[in-house]
Amino acid sequence: DRPVLGISLMIGFCAVAPLSDSFAKLLGAGVPLIQLLAIRFAAQALLLLPVAWLTGRTLAATPRVMGFIAARTAFHIVGSGLFFMALRFLPIADVVAISFVLPLFMLLLGHYVLDEEVGVRRLAACGLGFVGTLLVVQPSFVSVGWPAFLPLLAAAAFAFYQLIGRQIAKAADPIS
């Protein structure tokens, strides 16, 4: 209901996300994965906790919603870990290109889990995107082997993360 805020937040994300990927690529060679994930999520907490405090948001939720938040958090950590691990073996552009299979996963999960309507145009667009992903995966798989599948697994984890987020969006505060 606030498109300017939504657009501003998306622009901010598009500016910050590549920086995060670049730092993960640079630090990945010398910093253990667990430590890299701890740094990433500690930075997120340092940014969001003051926002929660300043806006008077509560971090409390019902036990059911907390369960969903815990599962969502687990998928986020696993997806980030797989993405960061992929950056150790592949160029950033390949990891990002392969992870663009996420919309296809979301489309299928939305259809089969949330029983959403999926039209032919969406299926065609996602199918075309998947063909593009396969074009990136194939040469990467030939040159690096199994690590080329890490971004695909990360995309699957992020798809479940987003699916759970869609399920609890009306019941949980976005900051919590």
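A residue is called partly exposed when its relative accessible area lies between the 20% below which it would be buried and the 50% above which it would be exposed. In this predicted model, Arg57 has 37% relative accessibility and therefore counts as partly exposed. Arg57 sits in the loop that links H2 and H3. Once neighbours within four places in sequence are set aside, the contacts of Arg57 are Ala52, Asp173, Pro174 and Ile175.

The largest nonpolar core has 30 residues, and the members that touch the most others are Phe83, Phe84, Leu87, Val95, Leu102 and Phe158. Two or more residues each are supplied by helices H2 (33-54), H3 (63-89), H4 (92-99), H5 (102-112), H6 (120-144) and H7 (150-168). Of these, H7 gives the largest share, eight residues. With residues up to four places away in sequence left out, Phe83 touches Asp21, Val95, Val96, Ser99, Ala154 and Phe158.

For H3 and H4, the axes approach within 8 Å and cross at roughly 140°. Angles over 145 degrees count as roughly antiparallel, and H3 and H4 are therefore oblique to each other. The crossing of H3 with H4 is right-handed. On the H3 side, Phe83, Ala86 and Leu87 take part, meeting Ile92, Val95, Val96 and Ser99 of H4. Sorted by class, the residues of this contact are six nonpolar and one polar, with no charged residue.

The pairing of H4 with H7 can be read in the same terms. Here the axes come within 8 Å and cross at roughly 45°, which makes H4 oblique to H7. This crossing, too, is right-handed. Val95, Ile98 and Ser99 from H4 meet Pro151, Leu152 and Ala155 from H7. The contact of H4 with H7 comprises five nonpolar residues, one polar residue and no charged ones.

Conventions: Residues are numbered from 1 along each chain as its sequence is written. This is a predicted model: local features need pLDDT of at least 70, side-chain atom pairs count only at pLDDT 80 or more; totals for chains, interfaces and linings use all residues. Side-chain values use heavy atoms; hydrogens and water are left out. A nonpolar core is a set of buried Ala, Val, Leu, Ile, Met, Phe, Trp, Tyr and Cys residues joined through side-chain atoms within 4.5 Å. Buried means under 20% relative accessible area, exposed over 50%, partly exposed in between (1.4 Å probe, protein chains only). Helices (H or I, at least four residues) and strands (E, at least two) are DSSP runs, numbered from the N terminus. Contact means heavy atoms within 4.5 Å. Axes are lines fitted to C-alpha atoms, for helices over the stretch in contact, and angles run from 0 to 180 degrees between N-to-C directions. Angles under 35 degrees count as roughly parallel, over 145 as roughly antiparallel, 65 to 115 as roughly perpendicular and the rest as oblique. A crossing is left-handed if the near helix is turned anticlockwise from the far one by less than a right angle, and right-handed if clockwise. Ala, Val, Leu, Ile, Met, Phe, Trp, Tyr, Cys and Pro count as nonpolar, Asp, Glu, Lys and Arg as charged, and the others, Gly among them, as polar.
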